[in-house]
Amino acid sequence: MCIRDRPSACYVIRMETPDQPLQLDGRALATRIRDDYAPRVAALRESGRRPRLVALRVGEDAATKAYLRGQQRGAEKWGIEYDIQTLPASTNERGIRKAIRALNADPEVTGIMLALPLPAGIGARALQREIDPHKDVEGVHPENLGGCLYGRYGLLPCTALAVMALLESSGIELQGKQAVVVGHSEIVGKPVALLLLAQDATTTVCHKFTGNLAEHTRTADVLVVAVGKAGLITADMVKPGAYVVDVGINAVTGDDGKHKIVGDTDYDGVAPVCAAITPVPGGVGPVTVAILMRNTVLATEGMPPLDDPGQLPLFTA
């Protein structure tokens, strides 16, 4: 049957059968987010303040090129202008800084993202700090990352917000739940852990040096996995009735010799155990792109200062 929980905040219509878990449909949620923000995009365009996102890349990496094409298609659906600015692969750090500063100074550019990976020997952190935090739609500037400490849903890392959006769409009440995050990256694991804490979940973070990973994951009412290791989480590592969000994207070769994309969980084994789970593909990925566009809208509108005590809702009511 179709059910809709918490209609003022939950926007995914989920299909449920007695013998199957809830599949948290990222594509449906991404569409709902786009529809939710469409009036705001239209209002901005009518006012002459058009949302315009510029992706800065260095070199012609094929995987990056395909990734940005996907973003460009998403931007077109949102009515957001999207440009890709490509620098030669030989560009040094000083040249990249110069390009970022030019985008910061351009009033027509309302959102900036720096595509990774960068050429060998060039660090991303220092360059990400160069992006104007009010145009940092990926949420990677230290000023925006600090918003995680306050549980704000402003310009935060897109994948971390996508995880929270999917959990919100599931209808689960996070307060008091045992949450386990596997992976402690700066743009997924750590921000997700802080946002879960802000919702009063009891949160544990695991990583490659954690001993006996299964001992921790089996306690989780909410399990978020963001490692990049196919099949890391198996059915015996999941608490019955858990909510599982799989952030992993791994290319593997199937028994038929064909390439396919899988997550960090053994989906076929884990799905019958849990209450809800994200598919890969079709789970976190589409929502991440939607959050990037949503962040661009917020950046165009003008974000309140970081010390604003109010929490910005992920969705409008």
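Helices and strands here are DSSP runs, helices of at least four residues and strands of at least two, numbered from the N terminus. The model is predicted.

**Backbone geometry**

Most peptide bonds are trans, and most residues other than glycine have a negative phi. Leucine 116 and proline 117 are joined by a cis peptide bond with omega of about 5°. Proline 117 belongs to the loop that runs between β6 (111-114) and α4 (124-128). A cis bond also leads from valine 280 to proline 281, where omega is near 0°. Proline 281 sits in the loop between β13 (276-277) and α10. Aspartate 200, a residue other than glycine, has a positive phi, near 65°. The loop holding aspartate 200 lies between α7 and β8 (202-206).

**Helix pairs**

Two packed helices are described by the angle between their axes and the distance between the axes. The table gives these values for two pairs.

| Helix pair | Axes come within | Crossing angle | Hand |
|---|---|---|---|
| α6 (residues 158-170) and α7 (residues 189-198) | 8 Å | roughly 40° | right-handed |
| α1 (residues 26-47) and α10 (residues 284-301) | 9 Å | roughly 15° | left-handed |

The axes of α6 and α7 cross at roughly 40°. That angle makes α6 oblique to α7. On the α6 side the contact is made by Ala160, Leu161, Val163, Met164 and Leu167, which meet Pro191, Val192, Leu195 and Leu196 of α7. By class, this contact of α6 with α7 has nine nonpolar residues, with no polar and no charged ones.

For α1 and α10 the crossing angle is roughly 15°. Angles under 35 degrees count as roughly parallel, and α1 and α10 are therefore roughly parallel to each other. From α1, the residues in contact are Gly26, Arg27, Leu29, Ala30, Ile33, Tyr37, Arg40, Val41 and Leu44. Their partners in α10 are Pro286, Val287, Ala290, Ile291, Arg294, Val297, Leu298, Thr300 and Glu301. The contact of α1 with α10 divides into twelve nonpolar, two polar and four charged residues.

**Cavity**

The count of cavities of 30 Å³ or more comes to one. The largest cavity holds about 30 Å³ of space. Its lining consists of Arg57, Val58, Gly59, Glu60, Asp61, Thr64, Ala115 and Pro117. By class, the lining of the largest cavity has three nonpolar, two polar and three charged residues. Pro117, one of the lining residues, is also the proline joined to leucine 116 by a cis peptide bond.

Methods:
Residues numbered from 1 in each chain as written. Predicted model: local features only at pLDDT ≥ 70, side-chain atom pairs only at ≥ 80, totals over all residues. Heavy atoms only, no water. 1 Å grid on protein atoms, 1.4 Å probe; cavity = no way out; pocket = protein on both sides within 12 Å on 5 of 7 lines; lining within 4 Å. Points joined across faces, edges and corners; volume = space filled by probe spheres on them. Nonpolar A, V, L, I, M, F, W, Y, C, P; charged D, E, K, R; others polar. Axes fitted to C-alpha atoms, helices over the stretch in contact; angles between N-to-C directions. Parallel < 35°, antiparallel > 145°, perpendicular 65-115°, else oblique. Left-handed = near helix turned anticlockwise from the far one by under 90°. Contact = heavy atoms within 4.5 Å.
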